[in-house]
Amino acid sequence: MSKKELMFGNAAVARGFWEAGCTFASSYPGTPSTEVTEFAAETAEIYAEWAPNEKVALESAFGASLAGARSFAAMKHVGLNVAADPLFTMSYTGVNGGLAVVVADDPGMHSSQNEQDSRHYAMGAKLPMLEPADAAECRAYAMAALELSERFDAPVLFRLTTRVAHSRSPVETGERTEPPRRAYQKDPGKYVMMPANARGRHVAVEARTEALKAFAETTPLNRVVPGDRRIGVVAAGIAYQYAREALGDRAAYLKLGLVNPLPEKKIREFAASVDRLVIVEELDPVIETQIRAMGIPCEGKALFSRIGEYTARAIAAALLGETAETVAVPPVPGRPPVLCPGCPHRGVFYVLSKLKLFVSGDIGCYTLGALPPLGALDTTLCMGASVSGLHGWCKAAGDEAAKRSVAVIGDSTFIHSGITGLINIVYNGSPATVLILDNSITGMTGHQQNPCTGLTLKNAPAPAVDLTALCHAVGVRRVRTVDPFDLAAVETALREETAADEPSVIIVKRPCALLKPVVAQRKPPVTVERDACRRCRACMRIGCPAISFDREKGAVVDTTLCVGCGLCGQMCAFGAIRGGSGTRVI
Amino acid sequence: MTELNLLIVGVGGQGTVLASRILGEYFTAAGLDVKVSEVHGMSQRGGSVITFVRAGRDVASPLIEAGGADVIISFELLEAQRYAGYLKPGGTMIVNTQQIDPMPVVTGAAVYPDNVRETLAGLGIHAVYVDATAEAVEAGSAKAANVALLGAASRFIGGSAEAWEQAVLACVPARFRELNQKAFALGRARA
């Protein structure tokens, strides 16, 4: 065996898949799941790709599984909503090569728009679900997921949470073993899900659940950890670690690795062996509700919240009555995330805010355009909803309101699910204006390639989607491109396109300020002419972290942050800010 | 050393992740169980960021709670005050004197506190102030400020200079070795 190394949770998941002979991965990026696929892509043996969205990713992984390959698809919790359609029916078809579906939940919403609990999907789709508690388990369970998938003829859900996915802990790695690829055998009764066949497969699904329940009773994935029997904790994943931190050997544990289906007999025996049965699980009472339905008395959400992350201290307080003294520190100004200096989105949101338009927003870095001082967004729901939501808004609010409304969506998000909304705008005729903020990368998740960038996950050249041609092809006649560093051009385009009586698309094109070629071509920081600055604070309205205001000095540029985009100079009516990409005054 | 809890706080983009990786490498090489918890995604865009590093015989939770940190390394002055409540009584804060205005300060909605040092002193906190950017520039590049800070912190964590150097070298690309070695040594010597 090789030595123990400190490994990132998501890297350990990829390592486990690799060791188990996985050869195919298709995913869509989403925090905190993204790195699983990125680490898989670093191996020579796993073909790994970014798909346009999670549904395409999971269906591609299904195809690879049919062809006999061990495969996985990874996504964040809300991504599984997009992929739910294939997931539920893949439960019926089962697999050929082992197939794992990695889903990363985000309790506490560090980087998400909701706090949904993916364990409901395991119950709903009647699929086995594994949940690791540290990086070593990430590796071991990833291997187990592909094996169980083949053994029980089911895609296996692999649940992560942020604190497991994004923490490093020691992992002992092993060698890769690649089982021979399973031969494909045509079997329409299993793989063609039309009613007559699906009825038979539903019977198979229910039988499989019974087999999985029996397996759950004996598998070492579910284990009892001895301790003081006055408190018996049932927990999985990160919640197990918090409980162990809080209680140590002052409690006994039933640590679940297979979180669906549950081992009823094992739980019953464990419950009988302790004075108090406590279910510790973040978010929804998924385990607790099932244990109550077994008729076993237990405590859970009466003691703990359904909201946010747990802490060891909260568990100690609830179960042991232990409280810790904390020091009161005078509060300091908040530090919300901001658009980076030189971000191409900044100017667009400044103009949108200035024109007081209704802005239907979407998911990406540009969601930050909702924050002050830009404050440009009216709504953000989910991937693609900016475009389809704008259509409904325009239809219901009337023509006048429609002409004061736009949608903003990034290039990757547009391909993910914005294009279908645009087709609806054309087909059902609303005079909507859609801004595609094309920064040539998937930004927020940390720079992933997408179908618009001309490169694949493995950095191989690929055909890039021509967004202008695509919009024309679905029937949008008015398509124009503007540079977001030219505020006057952005404003003109917005005024003209919102006034039009037909659908229009403005492609706002400039690459992300953090992309290597952009960084290499950065201009020197702008400079402020002290005497020319009239202290009007106009340059403060763009919300750039590189420029601040001093009562005595006026505008002050932080030369370590400024990338010379010149947007602030375009705001200055007195020509006090010099340098950068332009000095036009609007 | 049975258990050590370290907090690294700062502003997204300041290089806190590299510092946490070096610490993780250092404790792993020392034969300890280690958990390092980072947050990626939205907060990396110039927001307040916090990384937990825990080392000991058997580390369960990857998180550190209020009053639980032996050492806090703050990459930015105001952030030191924000997270001061995490410090254990008797712990040490290593504070970079760099100031980065948060957006509410930039827009004029809030004022950057001018008395962070006095506030921390008033709370009875042992704080060591470091001009890590200057030290890094002296070493060759402002980008190595994170490693200079870590050098200062290493004095309060313990261990030999050699062991620390090994950990630094294991985590930085070959072409930046000399720069980071220098920055670490400067930070360690002056703290």
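A salt bridge is a side-chain nitrogen of Lys or Arg within 4 Å of a carboxyl oxygen of Asp or Glu. R54(B) forms one with E245(A), where the closest N and O atoms are 2.8 Å apart. The model is predicted. This briefing covers the interface of chain A and chain B, then a lysine and a sheet in chain A.

**Extent of the interface**

- Chain A brings 51 residues to the contact, and chain B brings 52 residues.
- About 4300 Å² is buried between chain A and chain B. Carbon and sulfur atoms give 60% of that area.
- On the side of chain A, R168(A), P333(A) and R335(A) lose the most area to chain B. Together they make up 20% of what that side buries.

**Polar links across the interface**

- Five salt bridges are counted between chain A and chain B.
- There are 17 residue pairs in polar contact across the interface, with both residues at pLDDT 80 or more.

**What chain A presents to chain B**

- The elements of chain A that give two or more residues to this side are β1 (4-8), β8 (167-172), α11 (237-247), α14 (312-320) and β21 (547-550).
- α11(A) gives the most, with five residues.
- By class, the side of chain A that touches chain B has 27 nonpolar, 15 polar and nine charged residues.

**Strand pairing between the chains**

- β8(A) pairs with strand β2 of chain B, residues 33-37. The sense is antiparallel, over two bridges.
- R168(A) stands opposite V36(B) in β2(B). R168(A) is also among the residues of chain A that lose the most area to chain B.

**A buried lysine in chain A**

- K255(A) is part of strand β11 of chain A, residues 252-256.
- K255(A) counts as buried because its relative accessibility is 0%, and the cut-off for buried is under 20%.
- The side chain of K255(A) makes a polar contact with the side chain of E137(A), at 2.7 Å.
- Beyond its neighbours within four places in sequence, K255(A) is in contact with residues including E131(A), Y141(A), L221(A), R223(A) and Y240(A).

**A seven-strand sheet in chain A**

- Seven strands of chain A form an open sheet in the order β3-β2-β4-β5-β7-β6-β12. The pairing is mixed.
- β3 (47-50) and β12 (258-260) of chain A stand at the edges. Each has a single partner strand, so one side of each is left without a neighbour in the sheet.
- Strand β6 of chain A, residues 129-130, pairs with β12(A) in the antiparallel sense over two bridges.
- L130(A) has L258(A) in β12(A) as its bridge partner.

Methods. Residues are numbered from 1 along each chain as its sequence is written. Chains are lettered from A and ligands numbered from 1 in the order in which they are written. This is a predicted model: local features need pLDDT of at least 70, side-chain atom pairs count only at pLDDT 80 or more; totals for chains, interfaces and linings use all residues. Side-chain values use heavy atoms; hydrogens and water are left out. Contact means heavy atoms within 4.5 Å. Buried area is the accessible area (1.4 Å probe) that two parts lose on being put together, summed over both. A polar contact is a pair of N or O atoms within 3.5 Å; within protein, one must be able to donate a hydrogen and the other to accept it, and residues adjacent in sequence count only if both atoms are side-chain atoms. Helices (H or I, at least four residues) and strands (E, at least two) are DSSP runs, numbered from the N terminus. Ala, Val, Leu, Ile, Met, Phe, Trp, Tyr, Cys and Pro count as nonpolar, Asp, Glu, Lys and Arg as charged, and the others, Gly among them, as polar. Two strands pair if DSSP finds at least two bridges between them. Buried means under 20% relative accessible area, exposed over 50%, partly exposed in between (1.4 Å probe, protein chains only).
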